[in-house]
Structures are given as structure tokens and as C-alpha cells.
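Me: I would like to go through some of the labels used for this structure and ask what each one rests on.

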Amino acid sequence: MIEFHIQSRSGVPAYLQIVQQVRQAVRLGILSPGDQLPTVREVVASIAINPNTVLKAYRELDLEGLVDGRRGVGTFVAEGVVSLSPDEVQALRKLLADWVAKARAAGLDDENMSALFAAAVDPPGMLRVA
């Protein structure tokens with residue numbers, strides 16, 4: 001089960017931090033369809049947060065279709081949500097770490113690597129030289 005961590009000094013609202021953590025956990029295969037999120041009561045007890053903040057986060061995730069809230073039962077990652085297996089995540093992480101090492105060896109800094117990565121993710125947005 002996922003454990004939420006709230007950084008009060010981050011400037012990001014607590015409910016949004018919960019939303020982002022659930023999204024990330026699904027993307028990385030930490031949470032899979034059918035997995036149950038902690039109950040509001042469990043979250044409140046573990047991180048001393050207002051229950052309405054947790055409810056707001058869960059409501060937003062429900063509206064996105066990422067989770068299904070079942071009254072009296074709990075909140076679950078929605079069926080049909082695509083997530084990678086831990087093995088797939090590990091393999092991709094290794095490939096990415098290798099790419100970063102090659103980029104650093106080629107003299108790229110973090111900003112240049114980010115620009116190159118963004119261009120690879122969104123090829124139509126790449127700059128074109130005429």
C-alpha cells in the first residue's frame with residue numbers, strides 16, 4: 001500500500017501532492033488496477049492532515065478516472081488504468097540511466113539533457129533549422 005508524504009514547505013497544496021503521488025505510483029507500477037488506496041482515516045492518522053484534504057485529492061483522482069471510490073468499501077485504482085510491471089520499470093530505468101551516463105560523457109548538463117529528452121518526447125515541438 002502507498003504511504004503519502006507531504007512537504008509543507010513545498011508551496012504545493014497537500015491535496016495536490018497526494019494526487020501527484022498516486023499518479024506517479026500508477027505510472028511506475030507501484031499501484032496497479034484493483035489496488036486499494038489507504039482510507040481517509042489511515043491517511044489522517046499517518047500524516048496528521050485534514051480529512052477534507054484527503055477527500056479532495058481522492059475526488060480529483062476519481063474525476064480523472066484514475067481511481068474508483070466505493071462507498072463504505074474504499075478507494076481503488078480503476079480497472080483499465082495502464083501501469084507498467086516493476087520489471088518493465090526497472091528495465092526502462094536501466095536504459096535511461098545508461099542514456100544519462102552517455103549524455104554526461106558527451107558533455108551535456110542537466111538542462112541540455114532535459115531539452116533533448118523533451119524534444120524526443122514531443123518530436124513535433126522540436127526546433128527546426130531552415
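Me: Which residues does Val 43 touch, leaving aside those up to four places away in sequence?
Reply: Phe 4, Pro 38, Ala 48, Ile 49, Val 54 and Tyr 58. Contact means heavy atoms within 4.5 Å. The model is predicted, so local features need pLDDT of at least 70 and side-chain atom pairs count only at pLDDT 80 or more, while totals for chains, interfaces and linings use all residues. Side-chain values use heavy atoms, without hydrogens and water, and residues are numbered from 1 along each chain as its sequence is written.

Me: Why is Val 43 called buried?
Reply: Buried means under 20% relative accessible area, exposed over 50%, and partly exposed in between (1.4 Å probe, protein chains only). Val 43 has 2% relative accessibility, so Val 43 counts as buried.

Me: What makes Thr 53 buried?
Reply: Its relative accessible area is 19%, and the limit is under 20%, so Thr 53 is buried. Thr 53 touches Ala 14 and Tyr 15, not counting residues up to four places away in sequence.

Me: Where do Val 43 and Thr 53 lie?
Reply: Val 43 is in helix H2 (residues 40-47), and Thr 53 is in helix H3 (residues 51-64). Helices are DSSP runs of H or I, at least four residues, numbered from the N terminus.

Me: How do you know that Lys 56 lies over the face of Tyr 15?
Reply: A charge sits over a ring if NZ of Lys or CZ of Arg is within 6 Å of the ring centre and within 35 degrees of the ring normal. Lys 56 is at 4.2 Å from the ring centre of Tyr 15. The charged end of Arg 70 sits over the ring of Phe 76, 4.0 Å from its centre.

Note on methods:
Helices (H or I, at least four residues) and strands (E, at least two) are DSSP runs, numbered from the N terminus.
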